[in-house]
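Dear colleague,

Please find the structure below, together with its sequence. My notes on what was found in it follow.

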Amino acid sequence: MTTSLERTPGWVKAAAAVVLVLVVLLAGLRLAGLPGLKDVFGTETRDRSGPALLRSIQDISRYEAASGNFQVVVDLEKDTRFLPDAVRGTRTLYVGAGTVDAYVDLGKVGEGDVTVDEDRTSATLRLPHAALGEPALDPDRSYAVSKQRGLLDRLGDLFSDNPNGEQAVQQLAVRHIGAAARESGLTARAEKNTTDMLEGLLRSLGFEEIRVTYGG
């Protein structure tokens with residue numbers, strides 16, 4: 001007697017097997033997020049990194065005069081035409097925290113930028129304007145609040161070298177932090193702090209009249 005299972009076409013059996021594999025994989029992903037499951041499987045983390053190598057040394061003549069702490073909430077969404085978000089698309093809500101330093105490059109001060117009178121009681125200094133350093137994202141204070149991914153994106157993560165990568169939102173956070181630093185008046189604060197530092201230093205050396213300007 002021929003059963004209904006034996007009469008089932010081969011392509012139907014293959015499709016059913018693929019669907020079963022996908023269901024098992026998705027179920028595994030969902031279970032991996034359950035509290036305490038990692039402890040059941042005894043997950044262990046080992047650091048097998050090699051030693052850090054010194055590649056170069058650069059002398060720095062900057063006076064770091066001010067530092068700003070910033071935080072931004074990044075909401076990044078990527079959609080695909082003609083496909084619903086449940087199938088293909090991602091949306092990540094990310095809190096980025098970082099710092100931006102403002103500095104005055106004293107290495108750019110030339111001999112003609114410093115004037116001292118004969119009695120060494122009066123000094124005039126002309127310095128370059130303060131500038132902003134590159135934003136530095138703090139990994140200890142930055143984190144993803146939520147991640148929404150379509151089915152195809154979840155499956156793609158299984159075969160990706162960097163699953164759930166946050167590089168795009170991190171770069172966007174750095175960009176927003178840099179823009180906020182430029183609007184924050186951080187460079188003006190750095191120039192004031194540099195002036196205060198130089199005035200205190202020169203007064204301790206016996207100078208009575210000190211004038212610091214910026215424009216280089």
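Which residue in S4 is the bridge partner of threonine 115? The partner is threonine 124.

Residues are numbered from 1 along each chain as its sequence is written, and side-chain values use heavy atoms, with hydrogens and water left out.

**Confidence and overall make-up**

The mean pLDDT (the predictor's confidence in each residue, from 0 to 100) is 77 for the protein, and 63% of the residues reach 70 or more. Where pLDDT is low, the predicted coordinates should not be read in detail.

The protein has five helices and eight strands. Both kinds of element are DSSP runs numbered from the N terminus: helices are H or I with at least four residues, and strands are E with at least two. From the N terminus on, their order is α-α-β-β-β-β-β-β-β-α-α-α-β. Of the 216 residues, 22% count as buried, where buried means under 20% relative accessible area, exposed over 50%, and partly exposed in between (1.4 Å probe, protein chains only). Among contacts with a separation of 6 or more, 79% are between residues 24 or more positions apart.

**The three-stranded sheet**

Strands S3, S4 and S8 form an open sheet in the order S3-S4-S8, with mixed pairing. Two strands pair if DSSP finds at least two bridges between them. The edge strands are S3 (114-116) and S8, each of which pairs on one side only. From one strand to the next, the twist averages 10 degrees.

S3 and S4 run antiparallel and are joined by three bridges. Their hairpin has five residues between the strands, and arginine 120 there takes a positive phi near 55 degrees. S4 and S8, by contrast, pair in the parallel sense over six bridges. Across this pairing, alanine 123 stands opposite isoleucine 210, leucine 125 opposite valine 212, and arginine 126 has threonine 213 as its bridge partner.

In a regular strand the side chains alternate between the two faces of the sheet. The covered face of S4 consists of Ala123, Leu125 and Leu127, and its uncovered face of Ser122, Thr124 and Arg126. In S8 the covered face is Ile210, Val212 and Tyr214, and the uncovered one Glu209, Arg211 and Thr213. H5 lies across S4 and S8, running at about 155 degrees to S8; axes are lines fitted to C-alpha atoms, for helices over the stretch in contact, and angles run from 0 to 180 degrees between N-to-C directions.

**The nonpolar core**

A nonpolar core is a set of buried Ala, Val, Leu, Ile, Met, Phe, Trp, Tyr and Cys residues joined through side-chain atoms within 4.5 Å. The largest one has 26 residues, and those with the most contacts inside it are Val74, Leu125 and Leu127. Two or more residues each come from S1 (62-79), S2 (89-105), S4 (122-127), H4 (167-182), H5 (186-204) and S8 (209-214). Beyond four places in sequence, leucine 125 is in contact with residues including Leu198, Leu202, Ile210 and Val212.

Isoleucine 177 lies in helix H4 and is buried, with a relative accessible area of 3%. Its contacts beyond four places in sequence include Phe70, Val72, Ala97, Val100 and Leu137.

Serine 142 lies in the loop between S6 (136-137) and S7 (143-149) and is buried too, at 11% relative accessible area. A polar atom of its side chain lies 3.0 Å from the backbone nitrogen of alanine 97, and one lies 2.8 Å from the backbone oxygen of aspartate 138.

Yours sincerely

Terms used: Predicted model: local features only at pLDDT ≥ 70, side-chain atom pairs only at ≥ 80, totals over all residues. Contact = heavy atoms within 4.5 Å. Polar contact = N/O pair within 3.5 Å; in protein donor to acceptor, adjacent residues only side chain to side chain.
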